[in-house]
Amino acid sequence: LALENRLRQALNRNEFQLYYQPLARLDNGKVVGAEALLRWLPKDGQSVGPAEFIPLLEDSGLIVPIGQWVLEQACEQAQRWLQAGFKLQTMAVNISPAQLKLAPVLRQVQHTLANSGLPADILELEVTESGLLENSRKTLAVLNNLRGLGVRIAVDDFGTGYSSLAYLSQLPLDKLKIDRSFVMRLHESPRDASIVRAIIAMANELGLHILAEGVESAEQAQHLSGLGAQLFQGFWLSPAIPAECFAEQFLSRQ
Ligand code: G
Ligand code: G
Ligand code: MN
Ligand code: NA
């Protein structure tokens with residue numbers, strides 16, 4: 001509870017910050033986008049990782065105002081970069097299942113795009129499989145409406161949910177992000193390589209883009225490229241870093 005109270009104050013105290021991890025092409029290494037990742041840097045006390053505080057935000061409902069803040073910050077940042085002449089195709093923002101359920105996501109996204117001026121097709125919302133499956137009829141409507149705005153939808157941590165694949169044919173999706181657990185085991189497990197190959201083949205047939213998460217080595221990148229993946233992110237290229245560092249290291253004007 002102490003932690004929840006501290007989280008309650010954190011927004012007003014400007015203790016949240018977004019870091020950005022580059023999304024890049026496997027064939028030429030070019031950075032094409034960024035994933036916004038929330039960081040909490042308390043002014044007093046120890047820093048707490050998102051794996052610990054995101055569930056608390058969800059359970060307390062604080063994910064609604066803070067999720068709105070994340071969306072605004074990420075869209076404003078992307079638009080500033082575009083206006084500065086930087087090339088950026090994608091700004092990815094995580095939306096938790098609780099947000100899909102509790103927050104007026106469609107209205108939030110609509111307002112945020114209008115206020116920031118960011119073109120809708122730059123914004124990509126990352127939703128986990130479990131988020132897609134809860135209350136599927138409502139989810140379908142929300143996703144269709146978001147798609148109607150021009151926003152793209154990515155499935156985060158793909159392959160880790162205990163779900164049927166039926167939703168893939170029913171929901172308006174643009175990208176599958178292959179969970180890093182598969183990538184991690186690629187070199188030692190031919191069976192995981194088979195699964196990744198099959199996911200990529202399926203994605204190709206369904207017209208979905210593929211991004212491999214958690215790429216930590218050149219060997220993994222090469223392997224994934226050979227299996228037909230197009231995009232990746234991971235520590236091999238960079239962890240999530242502050243906006244200024246991201247622009248300096250990864251954005252170019254040409
Ligand atoms: O990259 P990192 O270790 O910081 O992220 C840990 C977890 O927290 C990941 O599952 C990630 O999706 C989630 N996460 C990070 N930032 C956000 C955010 O802004 N909103 C939501 N809903 N989840 C986030
Ligand atoms: O669930 P989601 O994909 O949004 O989670 C992103 C999380 O993954 C962040 O916490 C981020 O720090 C972490 N991450 C990003 N790249 C790598 C990587 O190459 N290896 C590992 N272990 N974690 C990564
Ligand atoms: Mn994500
Ligand atoms: Na993921």
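In this predicted model, D156 is a buried residue, since the relative accessible area computed for D156 is 8%, and buried here means a value under 20%. E213 also counts as buried, with a relative accessibility of 9%.

| Residue | Relative accessibility | State |
|---|---|---|
| D156 | 8% | buried |
| E213 | 9% | buried |

D156 lies in strand β5 (residues 152-158), whereas E213 lies in the loop between β7 (209-212) and α11 (218-227), so the pair ties together parts that are 57 residues apart in sequence. The manganese ion (ligand 3) is 4.5 Å from the sodium ion (ligand 4), and D156 coordinates both.

In helix α12, which spans residues 243-250, the residues A243, F246, A247 and F250 are buried. These residues cover an arc of only 105° around the axis, which puts them on the same side of α12. In general, residues three or four places apart in an α-helix point the same way, because there are 3.6 residues a turn. On the other side of α12, E244, E248 and Q249 are exposed, while the elements that cover the buried residues of α12 include β1 (16-25), β2 (31-40) and α3 (63-83).

Conventions
Residues are numbered from 1 along each chain as its sequence is written. Chains are lettered from A and ligands numbered from 1 in the order in which they are written. This is a predicted model: local features need pLDDT of at least 70, side-chain atom pairs count only at pLDDT 80 or more; totals for chains, interfaces and linings use all residues. Side-chain values use heavy atoms; hydrogens and water are left out. Donors are N, O and S atoms within 2.8 Å of the metal (3.2 Å for Na, K and Ca); water is not among the atoms, so sites may look incomplete. Helices (H or I, at least four residues) and strands (E, at least two) are DSSP runs, numbered from the N terminus. Buried means under 20% relative accessible area, exposed over 50%, partly exposed in between (1.4 Å probe, protein chains only). The arc is that of the directions from the helix axis to the C-beta atoms. Contact means heavy atoms within 4.5 Å.
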